[in-house]
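Please look through the structure below together with the report that follows. The report starts from a single residue and then widens to the chains and their contact.

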Amino acid sequence: MISMPLLKATIKSNYKVLIIFMVVLAFYFSMIVGMFDPDTLDSMNALIESLPKDLISALNFTIVDTSLLGFIAGYFYGFLILLFPLIYSIIVANRTIAKHVDKGSMAYLLSTPNTRVKIAVTQGLFLIGSITLLIAFVTLIGIISSEAMFPGALDISGFLLLNLGTLLLYYAISGIGFIASCFFNDTNQSLAVGGGIPVAFLIIQMLSNVGDQLSNLKYATLLTLFNPTDIINKVSGFGTSFVALFILSVILYSGGIYIFSKKDLPL
Amino acid sequence: MIQIHQLTKSYGNKKGVFDLSFEVSKGEVFGYLGPNGAGKTTTIRHLLGFIKPDQGSCKIDGMDCHREAAIIQKNLGYLPGEIAFFDDMTGIQFLNLMASMRGLKDFTRRDELIAQFELDTKGKIRKMSKGMKQKVGIVCAFMHNPDILILDEPTSGLDPLMQNRFIELIREEKTKGRTIIMSSHSFEEVERTCDRVGIIRQGRLVAIDDIQALKAAQRKLYRVTFKTTDEASKFAKENLTVESMYENIVNVAISGDLSQFIALLPNYSVTGLDVITQSLEDIFMHYYGREGSK
């Protein structure tokens with residue numbers, strides 16, 4: 001169902017981007033873990049209290065509890081994790097299909113005895129696979145840096161669950177980029193929609209965190225389905241969010257493949 | 001082998017192809033001529049299955065070009081009109097990717113073609129000249145010995161020497177019984193390779209005929225330069241079709257037999273004699289003008 005030679009070529013032309021994002025995320029993550037200090041956490045909380053309240057809530061820097069997991073969930077999974085992998089998925093989703101169509105190299109891919117479905121599945125699988133690798137890497141870095149600096153302090157099962165949620169969120173977000181990449185023949189349009197929607201979700205989420213008047217906005221953003229505090233505290237309903245994200249991802253990816261297999265290509 | 005039946009695809013603005021029907025039989029080399037924007041590439045896109053017809057159908061070997069594209073491609077070589085590769089690859093990396101996506105194991109033909117076209121496959125495609133990229137495309141289209149070849153302006157970017165090599169290649173493939181359809185806007189190129197020619201204008205097939213018939217009807221323009229203006233005007237009164245004259249230059253149009261024209265020349269002091277290359281449009285306008293008056 002996939003073309004191995006194409007998969008290899010796609011990996012080869014994208015692995016550098018993946019590595020850059022891995023390095024950046026590893027850097028931020030270990031820094032945040034390094035900032036954790038149970039003794040001074042109370043004073044940290046006090047410091048945060050002293051900042052304008054709206055700014056804190058916009059960035060989702062809410063300290064839930066004084067455990068290491070709570071600290072990581074609050075600082076890293078509240079905002080940074082929503083930013084860097086988001087950029088990665090926007091860039092790479094655009095490159096999987098739309099860039100080949102825009103540049104015309106898709107003509108060569110399709111002049112080989114491979115169906116459009118096969119080519120789209122291969123490219124989609126690369127996107128899913130590389131995002132899985134990115135989140136798995138972040139998970140690993142999180143565990144390693146926590147264990148190195150604060151042995152035994154991290155609730156590993158809770159942390160894994162948190163990352164499972166992150167992964168499902170990114171399947172859905174990259175699905176938006178993928179379906180846009182399959183739909184548009186022009187990379188500018190593919191980027192505008194495939195990147196614009198996730199970025200709009202992020203901005204809407206920040207706004208909805210700010211004040212009670214805007215809190216209804218949370219129903220307008222996909223990111224509401226990913227709530228780090230709820231996940232680590234196992235608040236009921238997080239499972240439903242996981243299922244919803246999963247179903248959405250399946251719809252977005254298979255929709256993209258379907259659209260690409262049917263549409264007229266300007267090659 | 002290749003059947004196009006009442007194909008219509010409209011892009012609005014009178015762009016597209018309209019009610020197009022023709023067939024290319026097995027072993028035939030078919031030249032597809034027309035000015036830029038006439039609908040040549042649109043037709044080829046249908047044959048490759050990149051786009052679906054609004055009406056009508058395209059079939060290769062009895063298979064629908066859109067639905068069964070992947071099966072058709074097994075036995076088809078395609079040279080796109082615009083060269084757009086994977087920029088970050090070298091020539092050989094690209095050819096290897098294409099070969100492996102085809103499941104091609106035998107590289108004899110590929111290496112023959114690389115040698116024949118003096119292609120340097122080590123350089124990055126991004127840094128190649130237009131002609132060099134075109135050669136990569138040619139090798140890619142022919143390397144798996146396909147029975148059907150669809151070539152979109154195959155010689156664009158090639159220098160005259162390589163254009164000749166390409167024409168040799170087409171003749172060689174023809175002896176192997178390949179079915180070839182090649183688009184072009186150069187009559188000379190088509191004249192030297194094709195059995196039959198179809199001409200498309202504004203999305204409609206305006207002519208389809210044997211190359212011999214077209215050649216016989218082809219009218220050539222000769223520019224004769226005389227020593228003096230007087231001689232020129234005297235020459236213009238001879239029994240010849242004078243297209244135009246300017247001072248000491250006379251343009252004469254001749255179709256077929258040249259002997260009468262040549263016999264007249266020694267009577268004058270001629271300082272120059274040139275053949276004026278005619279645009280494709282001119283050639284066919286004339287061809288159809290004649291057909292109409294018959």
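## A residue and its two chains

Ser249(A) has 22 C-beta neighbours inside 10 Å and therefore counts as buried. A residue is called buried if 20 or more other C-beta atoms lie within 10 Å of its own, exposed if 12 or fewer, and partly exposed in between, with C-beta atoms placed from the backbone. The model is predicted, so local features need a pLDDT of at least 70 and side-chain atom pairs count only at pLDDT 80 or more, while totals for chains, interfaces and linings use all residues. Residues are numbered from 1 along each chain as its sequence is written, and chains are lettered from A and ligands numbered from 1 in the order in which they are written.

Ser249(A) is part of helix α11 of chain A. Helices (H or I, at least four residues) and strands (E, at least two) are DSSP runs, numbered from the N terminus. Apart from its neighbours within four places in sequence, Ser249(A) is in contact with Tyr171(A), Ala172(A) and Gly175(A). Contact here means that the C-beta atoms of two residues, placed from the backbone, lie within 7 Å. Thr224(A) is 25 residues from Ser249(A) in sequence, and their C-alpha atoms are 15 Å apart in space.

**Chain A as a whole.** Chain A contains 11 helices and zero strands. Its radius of gyration is 20 Å, close to the 18 Å that the globule rule gives for 267 residues, so chain A is as compact as a globular protein of that length. That radius is taken over C-alpha atoms, and the globule rule is 2.2 Å times the number of residues to the power 0.38. In chain A, 75% of the contacts between residues at least 6 apart in sequence join residues at least 24 apart.

The mean pLDDT of chain A is 89, and 94% of the residues score at least 70. pLDDT is the predictor's confidence in each residue, from 0 to 100. Where pLDDT is low, the predicted coordinates should not be read in detail.

**A helix pair in chain A.** Helix α1 (residues 4–35) and helix α4 (residues 68–96) of chain A have axes that come within 11 Å and cross at roughly 175 degrees. Axes are lines fitted to C-alpha atoms, for helices over the stretch in contact, and angles run from 0 to 180 degrees between N-to-C directions. α1(A) and α4(A) are therefore roughly antiparallel to each other. Angles under 35 degrees count as roughly parallel, over 145 as roughly antiparallel, 65 to 115 as roughly perpendicular and the rest as oblique. Residues making the contact include Phe21(A), Leu25(A) and Tyr28(A) of α1(A), and Phe76(A), Leu80(A) and Phe84(A) of α4(A). By class, this contact of α1(A) with α4(A) has 16 nonpolar, one polar and one charged residues. Ala, Val, Leu, Ile, Met, Phe, Trp, Tyr, Cys and Pro count as nonpolar, Asp, Glu, Lys and Arg as charged, and the others, Gly among them, as polar.

**Where the chains meet.** The contact between the chains takes 19 residues from chain A and 21 residues from chain B. On the side of chain A that touches chain B, α1(A) gives the most, with four residues. That side of chain A divides into nine nonpolar, eight polar and two charged residues.

**Chain B.** Chain B has 11 helices and 14 strands.

| Chain | C-alpha extent along principal axes | Buried residues |
|---|---|---|
| Chain A | about 65 × 45 × 30 Å | 43% of 267 residues |
| Chain B | roughly 70 × 45 × 35 Å | 37% of 294 residues |

Helix α1 (residues 40–48) of chain B is mostly covered, since nine of its nine residues are buried. Lys40(B), Ile44(B) and Leu48(B) are among them. Gly49(B) follows α1(B) and has a positive phi, near 80 degrees.

Gln6(B) is not a glycine, yet its phi is positive, about 45 degrees. Gln6(B) sits in strand β1 (residues 2–10) of chain B, and is exposed, with 12 other C-beta atoms within 10 Å. Glu118(B), also not a glycine, has a positive phi of about 50 degrees. Glu118(B) is found in the loop between α4 (108–116) and α5 (130–142) of chain B, and counts as exposed with 11 C-beta neighbours inside 10 Å.
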